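Subject: Structure handover

Hi there,

Here is the structure I promised to pass on. Please have it open while you read my notes below.

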Amino acid sequence: MTSHDLTRNQALVLNALSGAVNPLSAYDILDRLRGDGFRAPLQVYRALDKLVEYGLVHRLESINAFVACADPHDHEAHAHGVTAFAICDSCGSVTEFHDHTIENRLQQWQTAQHFKPEKTTIEIRGACNKCSSVA
Ligand SMILES: [Zn+2]
Ligand SMILES: [Zn+2]
């Protein structure tokens with residue numbers, strides 16, 4: 001699956017996120033994993049930290065929740081590119097995408113400004129196709 005050796009806790013957290021339709025908060029994850037021996041939020045946060053570092057999980061800052069990466073094999077895009085998320089405020093669905101035009105524009109700006117980016121995440125909030133067509 002991946003080149004990383006996951007601990008049991010990391011694998012459980014990743015599983016919970018992969019199996020979820022929508023993003024989960026750390027407390028949602030804790031709730032789902034209580035039967036697996038998770039007791040404290042710190043256990044979840046520790047596992048999440050590593051999974052985010054490995055690029056297997058993304059943190060959505062604007063809703064304070066986590067999603068499993070839609071394409072963990074696309075290391076190139078994650079290491080150098082821009083990760084964008086479209087987040088539906090009605091149903092909570094999240095779509096991850098990478099767009100080279102956006103990347104190139106931001107790169108030009110960063111080069112012009114001599115700004116060294118660590119990571120770039122774009123979060124678009126709104127209504128997904130399904131929700132916006134229910135009029
Ligand atoms: Zn991703
Ligand atoms: Zn929706």
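A word on terms to begin with: donors are N, O and S atoms within 2.8 Å of the metal (3.2 Å for Na, K and Ca), and water is not among the atoms, so sites may look incomplete. This is a predicted model, in which local features need pLDDT of at least 70 and side-chain atom pairs count only at pLDDT 80 or more, while totals for chains, interfaces and linings use all residues. Residues are numbered from 1 along each chain as its sequence is written, chains are lettered from A and ligands numbered from 1 in the order in which they are written, and side-chain values use heavy atoms, leaving out hydrogens and water.

Now the zinc site. The SG atoms of C88, C91, C128 and C131 coordinate the zinc ion (ligand 2) at 2.3 Å. Their spacing along the chain is C-x2-C-x36-C-x2-C. C88 in strand β3 (residues 82–88) and C131 in helix α6 (residues 129–132) are 43 residues apart, so this pair links distant parts of the chain (helices, H or I, of at least four residues and strands, E, of at least two are DSSP runs, numbered from the N terminus). The 4 donor atoms subtend angles of 106 to 113 degrees, which makes the arrangement tetrahedral (four donors with all angles between 85 and 135 degrees).C88 is buried, at a relative accessible area of 3%, whereas C131 is partly exposed, at 22% (buried is under 20%, exposed over 50%, partly exposed in between, with a 1.4 Å probe and protein chains only).

Elsewhere, E96 lies in strand β4 (residues 94–97).

Best wishes

Key: Four donors count as tetrahedral if all angles lie between 85 and 135 degrees; four count as square planar and six as octahedral if opposite donors are over 155 degrees apart and all others between 65 and 115; anything else is irregular.
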